[in-house]
Amino acid sequence: MRATRVWAAPAAVASALVVSLAAYVPVVSSGHISRDSGVFLYTGMVVSRGGMPYVDSWDHKGPLLAALEAMAWRLGGGILGAPLLEALVLFVGLAVAGVLWARWIGGWASVAVVVLGLSYLAVFEGGNFTETWLFPVQLVAYSAAAHTALTYGRDAPARVIALLGAVIGLAVSVALFTRVNNAAGLLALAVVGVVVLRRRLLFAAAVVGVVAVVGGSLTLWLLAGHAFRAAIEQYVRYNLFYAGGATLNERIDGFAALAQLLLSSSVVLAAMGVLGGWLVGVLRAESLPRGEVFAVVLFAGLGIVDTLSQVASGRPYPHYLIVALPSIAVAAVIASARVVRAARGVRTPGTRRLRLVAIIVAFAVTVAGSAATAAQGMRWTSESGVFVAGSYQAQIVDRVEAETTPDDRVLVHGAETWILAASGRFSPTSITYSLPVEQGFGGLAAQYLAEIEAVPPVLIVESPTVCGISTACAPSSSHFDGLAPWVAASYDLEGDIAGFRFWRRHG
């Protein structure tokens, strides 16, 4: 038993490494960039070269994401920086959580890391989202809170409370200053800590202090770069506008799609099985383990809060579910400690063999869905990307690089900002994806056309999924008035690649 304990933590760390490599090696090797990731990478490129988010690159995510992307761009020297840094952060988060879990469930911690990792792989969609940046910090915060509750209860010493508050404060900061929706469960945990802990003032001061430092630093940065008002306009006002754009039917459909995907996740299936066994064990226990019950109920409840914060948006994007995974995993790991102890009490050889077979079958059934989805995603990521010879992404980037210089401006009309990031080209307009213009937000339509006319791009890459140049817009999204005549008068159509049209300026 003692030998198993010795190797439990290293085994969990090894599992964390395997999961991180499985997630990001395909992304790095293929140069895979999703649409959203392309916007974030472009902002990172702009900031790393002296620009400012919101002013020089329009975006409705928080300023901390722009800072992370710029740091990753500088460290990695381009588009590889973000997946490399995110892989490192994921490894650290899973490893720290795994080491803490090993104190509760021994060698089973490595299994728990793998189950959670498969759930992550099934929905992370190549990463570089606000949710994937938050996941490791959120996981550590929840695991640290659970460890504190199980080890010290309400009477944790001052140094533990201060450290816990700082960790939760960091996680809250990452959530609040990248995408506010993601902070729901963490804020609820902070409130519970203030109510339950005896050293509540110290805990609150630590949480608020870290959030204030991060938020204050970002505010000063935006003020110094004259980007604060634009940040409020895009991160606050546009997000409220965007959130209100989903109809009731869209919200219902999005809720159903995400709920179905979450319920098929390996970590949720494992949690349901473990929590069932835990409940039976608690009901049979001679004395009620209050601290354990409180911790399980708390994190199961946070799982519900985190889930509702995502599915209520009405947007059925799988990577949203990443926010719900850490709290569910922590609740399951806490509960599994009692289940593991009960299983170890079985002494008869026949029962042990039956237990082993049952564990193997249960594990296979639990991870089958997430493993299949993860494998499909890894294959898709490996076969598509700007580094994959012959792929349409590589062909488009190669053509842009061949027909322009680094000093030339290139307009990507659509949502494929990854073309700019991968080719290292700047747009003539700060509005590098068309959605807010199509939605008619503010005065973006006039700004879009004015900026393009002021600095005419050498090349225009027109996405096949957007209207305004070759394709007429529907009345609900007809906000590109004047763009098609201007392009027709000044540019020649020079073929296409996979539906992406290339327009070159006369002369």
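Which residues does Val-388 touch, not counting residues up to four places away in sequence? In this predicted model, the residues touched by Val-388 are Ser-30, Ser-382, Glu-383 and Ala-394. Val-388 itself sits in the loop that runs between helix 15 (349-383) and helix 16 (392-403). A separation of 30 Å lies between the C-alpha atoms of Val-388 and Thr-471, which are 83 residues apart along the chain.

Helix 5 (residues 108-123) contains Ser-119. This serine has a relative accessible area of 1% and is therefore classed as buried, the limit being under 20%. Two polar contacts of its side chain were examined. One, of 2.9 Å, is made with the side chain of Ser-265, and another, of 2.7 Å, is made with the side chain of Ser-266. Residues touched by Ser-119, apart from those up to four places away in sequence, are Ser-265, Ser-266, Val-267, Leu-325 and Ser-370.

Gly-291 belongs to helix 13 (residues 290-311). Between the C-alpha atoms of Gly-291 and Gly-277 the separation is 18 Å, with the two residues 14 apart along the chain.

The strands were considered next. Strand 1 (residues 410-413) pairs with strand 2 (residues 459-462) in the parallel sense, through 4 bridges. Within this pairing, Val-410 is placed opposite Leu-459 of strand 2. Strand 2 also pairs with strand 4 (residues 500-505), here in the antiparallel sense and again over 4 bridges. Ile-460 faces Trp-503 of strand 4, and Val-461 faces Phe-502 of strand 4. Strand 2 is covered on both faces. Leu-459 and Val-461 are buried on one side, and Ile-460 and Glu-462 are buried on the other.

Strand 4 pairs in the antiparallel sense with strand 3 (residues 491-497) as well, over 5 bridges. In strand 4, Trp-503 stands opposite Leu-493, and Trp-503 also stands opposite Ile-460. The hairpin formed by strand 3 and strand 4 has 2 residues between the strands. In this hairpin Ala-498 adopts a positive phi, near 50 degrees.

Rolling a probe the size of a water molecule over the atoms shows where empty space is left. The largest pocket holds about 1,200 Å³ of space. Its lining consists of 48 residues, and those nearest the centre of the pocket are Asp-36, His-60, Tyr-242, Tyr-317 and Leu-435. Two or more lining residues come from each of helix 2 (35-48), helix 10 (228-243), helix 11 (248-263), helix 16 and helix 18 (435-438). Helix 10 contributes the most to this lining, with 6 residues. Sorted by class, the lining of the largest pocket comprises 22 nonpolar, 15 polar and 11 charged residues.

The structure also has 3 cavities of 30 Å³ or more. The volume of the largest cavity is about 100 Å³. This cavity is lined by 15 residues, and Val-27, His-32, Ile-33, Ile-79 and Pro-83 are the closest to its centre. Helix 1 (2-30), helix 2 and helix 4 (81-105) each provide at least two residues of the lining. Helix 4 gives the most, with 3 residues. By class, the lining of the largest cavity contains 8 nonpolar, 6 polar and 1 charged residues.

How values were computed
Residues are numbered from 1 along each chain as its sequence is written. This is a predicted model: local features need pLDDT of at least 70, side-chain atom pairs count only at pLDDT 80 or more; totals for chains, interfaces and linings use all residues. Side-chain values use heavy atoms; hydrogens and water are left out. Contact means heavy atoms within 4.5 Å. Buried means under 20% relative accessible area, exposed over 50%, partly exposed in between (1.4 Å probe, protein chains only). A polar contact is a pair of N or O atoms within 3.5 Å; within protein, one must be able to donate a hydrogen and the other to accept it, and residues adjacent in sequence count only if both atoms are side-chain atoms. On a 1 Å grid over the protein atoms alone, a cavity is a set of points where a 1.4 Å probe fits but cannot get out, and a pocket is an open set with protein on both sides within 12 Å along at least five of seven lines; lining residues have an atom within 4 Å of a point. Grid points are joined across faces, edges and corners, and a volume is the space filled by probe spheres set on the points. Ala, Val, Leu, Ile, Met, Phe, Trp, Tyr, Cys and Pro count as nonpolar, Asp, Glu, Lys and Arg as charged, and the others, Gly among them, as polar. Two strands pair if DSSP finds at least two bridges between them.
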